[in-house]
Amino acid sequence: MKKLILFIAIFISVRALGQLTPAARGVTYGTEINAKNAISVEDLSARLNKEDQFSGKIKGKVVSVCQKKGCWMKLANTKGDEIMIKFEDYGFFVPADIDGKEIVLNGVGKKSVTSLSKLQHYAKDAGKSAEEVSKITEPKSEIVFTASGVLVL
């Protein structure tokens with residue numbers, strides 16, 4: 001009986017890991033989307049300086065991703081500011097090899113304050129050293145985008 005339970009657990013784990021398709025051109029995660037009418041990360045930042053929220057598509061380059069399970073990622077604008085990307089209801093994840101890829105996201109963005117504990121948690125998930133994590137000493141005001149779909153360009 002123990003061997004059967006172990007076999008089932010291993011089978012489910014392998015199957016779950018195999019569902020993350022490598023990040024290649026045209027691959028989507030979450031809901032299917034296209035790149036039509038996507039705005040740049042810079043345009044998103046400018047819009048959120050005037051509006052409380054943005055709903056639609058954005059495009060940008062992934063500069064960081066959760067190395068543990070792909071449950072978040074970050075995009076950067078030309079000024080080097082990062083935008084935190086989370087996934088709607090944790091309904092999907094992205095693979096670690098999406099780092100460095102150009103992508104389009106569909107969802108909702110808004111300004112938010114991220115707590116110190118969450119910032120440190122994200123730094124650990126990104127594989128930062130204990131020294132780097134200890135340098136994070138205060139909350140951060142940033143743009144957070146909750147994506148319902150991701151398309152690799």
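This is a predicted model: local features need pLDDT of at least 70, side-chain atom pairs count only at pLDDT 80 or more; totals for chains, interfaces and linings use all residues.

User: What else pairs with β3?

Analyst: One partner is β4 (residues 72-76), which pairs with β3 in the antiparallel sense over 4 bridges. Within that pairing, Ser-64 has Lys-74 as its bridge partner. The two strands form a hairpin with 6 residues between them, and Gly-70 in the turn has a positive phi of about 75°. Another partner is β2 (residues 39-40), which runs parallel to β3 and is joined to it by 2 bridges. There, Ile-39 stands opposite Ile-58.

User: How is the β-α-β unit built, and what is its handedness?

Analyst: Follow the chain from β2 through helix α2 (residues 41-50) to β3: together they make a right-handed β-α-β unit.

User: How many helices and strands are there in the protein chain, and in what order do they come?

Analyst: The chain has 4 helices and 7 strands. From the N terminus on, the order is α-β-β-α-β-β-β-β-α-α-β.

User: Let's turn to β7. Which strands pair with it?

Analyst: Strand β7 covers residues 140-152, and these are among its pairings:
- β6 and β7 run antiparallel, joined by 12 bridges; Asn-106 stands opposite Gly-149 here.
- β5 (residues 82-87) runs parallel to β7, with 4 bridges; Phe-87 has Ala-147 as its bridge partner.
- β1 (residues 28-30) pairs with β7 in the antiparallel sense over 3 bridges; Tyr-29 stands opposite Val-150.

User: Why is β7 described as largely enclosed by the rest of the structure?

Analyst: Count its buried residues: 10 of the 13 residues of β7 are buried, so the strand is largely enclosed by the rest of the structure. For the protein chain, buried residues make up 37% of the 153 residues.

User: How should I read a charged residue such as Glu-142 in that strand?

Analyst: Begin with the general idea: side chains of opposite charge can pair when their charged atoms come close. Glu-142 is buried yet has no salt bridge, and Lys-140, the nearest side chain of opposite charge, is 4.0 Å away. Its side chain does have a polar contact of 2.4 Å with that of Thr-114. Leaving out residues up to four places away in sequence, Glu-142 also touches others, including Glu-82, Met-84 and Leu-119.

User: How many salt bridges does the structure hold, and which residues form them?

Analyst: The structure holds 3 salt bridges. One joins Asp-125 and Lys-68, whose closest N and O atoms are 3.8 Å apart. This pair links distant parts of the chain: Asp-125 is in helix α3 (residues 116-125) and Lys-68 in the loop between β3 and β4, 57 residues apart. Asp-125 counts as buried because its relative accessibility is 5%, whereas Lys-68 is exposed, with a relative accessible area of 64%.

User: And the others?

Analyst: Glu-82 and Lys-74 meet through their side chains at 3.5 Å, N to O. Glu-82 counts as partly exposed at 31% relative accessibility, while Lys-74 counts as buried at 13%. Glu-131 forms a salt bridge with Lys-135, with the closest N and O atoms 3.8 Å apart; both of these residues are exposed.

Key. Residues are numbered from 1 along each chain as its sequence is written. Side-chain values use heavy atoms; hydrogens and water are left out. Buried means under 20% relative accessible area, exposed over 50%, partly exposed in between (1.4 Å probe, protein chains only). Lys and Arg count as positive and Asp and Glu as negative; His and the chain ends are not counted. A polar contact is a pair of N or O atoms within 3.5 Å; within protein, one must be able to donate a hydrogen and the other to accept it, and residues adjacent in sequence count only if both atoms are side-chain atoms. Contact means heavy atoms within 4.5 Å. Two strands pair if DSSP finds at least two bridges between them. A crossover is right-handed if, with the strands pointing away from the viewer, the path from the first strand over the helix to the second runs clockwise.
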